Amino acid sequence: MKNKIRAGVPIKLVSAAVSVGLMVAGGQVLAQERVASINLMTTTESYDPIRYEAAFIIAERWRELGFEVNVQPTEFSTALERFYDQQDFDATILGWSGRTDRLDPQFFLSTLDSRQSNLGGNNPGGYENPEFDALFDQQSQAFDMDERQRIVQEMQELYKPDAPLVVLFHRDEVVAFNHDAFEGINPMAGEGLYSEWGPMEARPVGDRSILRIGGPQEPDNLNPLASTSVWGWKWMRLYYDRLVRLSADVEPLPWAAESVDQVDDNTVAVTLRQGMTFHDGEPVTAEDVAFTWNYYLDQDYSYFNSYLAALERAEQVDEHTVHFHLSEPSASFASISLSQIPILPKHLWEEIEDASTLSPSQIPTVGSGPFVHERFDRGEFMALSKFEEHFHADEIAADGVEFIIYADMEGVYTGLQTGQIDVTAWRMEPGQIGLAEGEDHLTVVNVPDFGYFHMTYNLRREPFDDRAVRRALTMATDRERMVNVLLDGRGEVGSSVIAPVNTFWHDPFVERFDFDMEAARAELEEAGYSWDDEGRLVR
Amino acid sequence: MSTRRSYLIRRVLHGLMALFIIATMLFFLFRLGLPDPTAALITEGLSPEERERIRASFGLDRPIWEQYFIYLANILQGDFGYSFHYRAPVADIIWERLGNTMVLMLPAILLAYAVGVPLGAWLSWRRGSRTDTTGIFVGLMFRSAPMFWTGMIAILVFGIALGWLPTSGMRTLPYEATGFFDKIFTLDFLHHLILPALVVALYYLGSPLLIMRNTMLEVYGEDFIEMARAKGLPERRILYAHAARNALLPVVTQLAVTVGLAAGGQVVVEVVFSWPGLGREILNSVRTSDFPLAQASFLVMAAFVVTLNLLVDILYTMLDPRVSFK
């Protein structure tokens with residue numbers, strides 16, 4: 001070690017001497033250094049060919065701009081770990097999926113909140129803007145929708161010129177269904193056809209009255225207090241009721257609730273619909289509702305913690321009324337939280353001390369939803385039957401829902417082609433879309449997504465600590481080409497973390513950063529950068 | 001007899017030793033090599049504190065040595081633990097999946113050997129002829145053709161174009177089976193088994209075929225064949241009763257190794273035919289960093305290979321008296 005240190009000294013002296021030499025020769029400060037090279041982390045080609053290719057499209061242009069860029073395809077979980085947990089990256093291409101509850105701007109805006117920039121937080125790039133943070137708090141407590149809309153749009157205008165990340169594109173979810181078997185399903189943004197409404201809307205037009213959905217993903221488990229995957233909840237929400245359900249336009253519709261009222265800033269009152277029963281015949285009461293919410297608080301189920309963050313306690317007031325006491329005013333509680341937490345039967349859960357340790361056969365699968373849980377054969381199949389006693393039963397034409405679990409999309413597509421399934425639960429592979437369009441019995445549906453693929457810069461590192469560099473790199477990112485070539489036109493160039501399809505919250509006036517190499521160069525020049533003989537960027 | 005017993009005891013001890021080393025390697029390999037099991041939850045929007053709590057509920061907050069000793073102690077008691085992902089006992093998942101894999105792999109391997117061994121013997125008899133060349137070519141072709149390719153061709157032809165056979169899964173759904181044997185002793189199951197089993201069998205066919213053929217050619221040079229010929233025995237009798245019996249040894253070894261590795265399934269076939277086998281499960285468990293499930297799956301596979309190797313060594317001593325206990 002000692003030797004190394006000693007050896008290092010003369011080298012530094014030499015480089016200092018060279019700098020001095022340059023100063024003398026040019027008669028001005030010319031100690032120019034090349035800009036730090038960039039490692040661009042992306043997914044592997046086998047995990048997602050689109051994000052993989054996108055990285056090369058970006059790298060090509062950035063090199064043209066004078067940066068040294070190294071594309072690093074990384075295994076997905078490892079990439080997540082390096083990005084979020086270690087924040088060990090220069091620039092990373094990842095994405096956020098569009099879950100219905102994320103149509104509320106709260107979550108996506110929080111990814112730019114500086115209080116999320118700690119290790120493991122949702123803002124690994126480390127964007128810090130006190131004004132943005134202050135507005136974030138204001139909007140999350142604003143009950144007046146127009147007021148909240150104004151703040152949310154202001155926030156988008158605020159962060160965008162700083163270019164802490166590039167929203168690359170929103171990828172359409174392209175799904176298909178067999179119109180000879182079922183009709184009437186309305187596609188839903190971020191959900192496709194396998195939304196919570198889909199099975200309720202499906203009308204059989206063929207011989208089979210049970211809707212068959214096929215997909216390559218299955219629930220991790222069907223424990224409403226342990227599942228940590230969206231695929232668990234996509235299925236469970238069909239047999240559990242919620243107080244509110246979000247419409248396809250994300251309007252909160254009273255569901256098991258007859259009405260939802262704001263009593264004061266910190267209290268929400270819910271009046272329960274009357275005459276509901278659980279699948280085992282027991283009535284659904286306000287006691288069950290209050291129990292469920294308090295049970296979720298006590299059991300500390302991580303997956304729902306963000307929905308429960310504002311809740312202090314649920315209290316049964318009378319036979320049909322529950323009061324939710326909040327610790328602070330929350331704009332999203334009445335819309336999002338009430339639409340996510342299921343109603344559990346108290347008589348089956350109250351004795352269970354630690355619900356997360358239940359084995360599959362011990363889990364009570366009794367809900368009060370429009371469908372009744374029948375079975376879940378891991379890796380093969382899931383089934384639900386229609387609940388005839390449900391208040392919505394008259395509107396439901398299908399006699400049940402079956403979900404066939406395939407190993408990959410190839411199997412799902414074959415199932416769709418041969419009539420084994422009616423609907424795909426997940427987006428088709430690009431190669432299958434053309435095939436599906438050629439089949440007479442299939443209808444292909446393009447569903448715009450409000451989830452997004454992003455490239456996030458690490459603002460703690462050179463050269464991304466310089467706003468001008470970020471802006472220039474963003475202008476040199478050809479997103480138009482990604483959508484046209486990689487997505488075959490099925491998608492939209494990103495402009496803001498709040499997608500254009502999310503019309504109410506999206507701000508149409510954000511700075512767009514259209515692809516423009518000239519503007520990128522000008523931006524760099526203005527900030528004092530120049531290019532050396534080899535075309536490399538120096539300052 | 002005592003040499004035999006001490007030999008067996010020594011072999012069993014060696015096997016257990018090997019399993020212990022494998023179990024240890026698996027434990028550290030997955031913990032050091034795989035990403036954090038809760039990393040995937042980030043995309044679900046979970047905060048670091050929430051993920052830390054989940055990690056603690058998996059016991060991952062304890063020192064790694066403590067985790068290791070708990071793991072060893074549990075294995076000794078036959079307890080493989082709880083799957084992080086499924087929140088279900090690992091043993092339940094593995095036995096079910098292993099059963100599914102075996103009902104596909106065993107018939108397929110047996111078919112390959114039942115056809116491959118006599119065919120190999122026959123080819124050796126016709127060595128140099130066009131039949132021989134064709135046989136070798138076909139065997140090698142299926143051995144080198146990727147299984148996902150043969151599988152997809154089989155699906156395209158028999159599943160989609162002709163519509164004769166189902167293309168995915170083990171049974172026509174919805175189907176209610178009360179137990180494992182209930183599930184597999186049905187015509188419907190056999191119907192589903194045909195395509196994947198054929199694809200696997202065609203792949204395995206090459207080994208017994210070529211090994212049998214080549215060993216037979218060696219055996220033909222032996223003195224006892226000369227002797228049999230001199231006695232005037234019919235050629236067919238020499239081929240099957242004398243030469244083939246002696247050529248079986250390497251085939252038996254190969255069979256045991258093949259069956260041993262079959263426990264891990266053929267992931268490619270399981271994916272192409274959406275067969276709910278152990279191979280797919282192993283792949284998933286590694287992808288989701290489900291340590292308990294991944295450890296146990298690989299350990300079960302290793303136990304299979306070790307046990308079958310032991311059985312082969314014992315079988316050898318019966319098939320060939322020249323092999324002795326050392």
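This is a predicted model: local features need pLDDT of at least 70, side-chain atom pairs count only at pLDDT 80 or more; totals for chains, interfaces and linings use all residues.
Between the two chains, 38 residues of chain A are in contact with 34 residues of chain B. Chain A contains an open sheet of four strands, and its strand β5 (residues 173-178) is largely enclosed by the rest of the structure.

- On the side of chain A that touches chain B, the elements giving two or more residues are α3 (76-85), α10 (305-308), β16 (381-386), β17 (400-405) and α13 (409-417) of chain A.
- The most is given by α3(A), which supplies six residues to that side.
- By residue type, the side of chain A that touches chain B comprises 13 nonpolar, 19 polar and six charged residues.

**The four-stranded sheet of chain A**

- The strand order in this open sheet is β11-β12-β14-β13 (chain A), and the pairing is antiparallel.
- Because β11 (257-264) and β13 (311-318) of chain A each have a single partner strand, they stand at the edges, and one side of each is left without a neighbour in the sheet.
- From one strand to the next, the twist averages 20°.
- Helix α9 (residues 286-299) of chain A lies across β12 (267-272), β13 and β14 of chain A, and runs at about 165° to β13(A).

**The buried strand β5 of chain A**

- Six of the six residues of β5(A) are buried, so this strand is largely enclosed by the rest of the structure.
- A:Glu173, A:Val175 and A:Phe177 point one way from β5(A), whereas A:Val174, A:Ala176 and A:Asn178 point the other way; all are buried.
- Strand β19 (residues 442-447) of chain A runs antiparallel to β5(A), with six bridges joining the two; A:Val174 stands opposite A:Asn446 in β19(A).

**The largest nonpolar core**

- This core has 218 residues, of which A:Val423, B:Ala108 and B:Val200 touch the most other members.
- Apart from neighbours within four places in sequence, B:Ala108 is in contact with B:Ala197, B:Val200, B:Ala201 and B:Tyr204.

**Annotated spans of chain B**

- An unreviewed UniProt entry lists residues 12-30, 104-125, 146-165, 185-206, 247-273 and 293-316 of chain B under "transmembrane region".
- Residues 12-30 of chain B are 100% helix and 0% strand, with end C-alpha atoms 27 Å apart.
- For residues 185-206 of chain B, the span is 91% helix and 0% strand, and the end C-alpha atoms lie 29 Å apart.

Definitions and conventions: Residues are numbered from 1 along each chain as its sequence is written. Chains are lettered from A and ligands numbered from 1 in the order in which they are written. UniProt positions are given in the numbering used here, feature names are shortened, and annotations may be inferred rather than shown by experiment. Two residues are in contact if their C-beta atoms, placed from the backbone, lie within 7 Å. Ala, Val, Leu, Ile, Met, Phe, Trp, Tyr, Cys and Pro count as nonpolar, Asp, Glu, Lys and Arg as charged, and the others, Gly among them, as polar. Two strands pair if DSSP finds at least two bridges between them. Axes are lines fitted to C-alpha atoms, for helices over the stretch in contact, and angles run from 0 to 180 degrees between N-to-C directions. A nonpolar core is a set of buried Ala, Val, Leu, Ile, Met, Phe, Trp, Tyr and Cys residues joined through C-beta atoms within 7 Å. A residue is buried if 20 or more other C-beta atoms lie within 10 Å of its own, exposed if 12 or fewer, and partly exposed in between; C-beta atoms are placed from the backbone.
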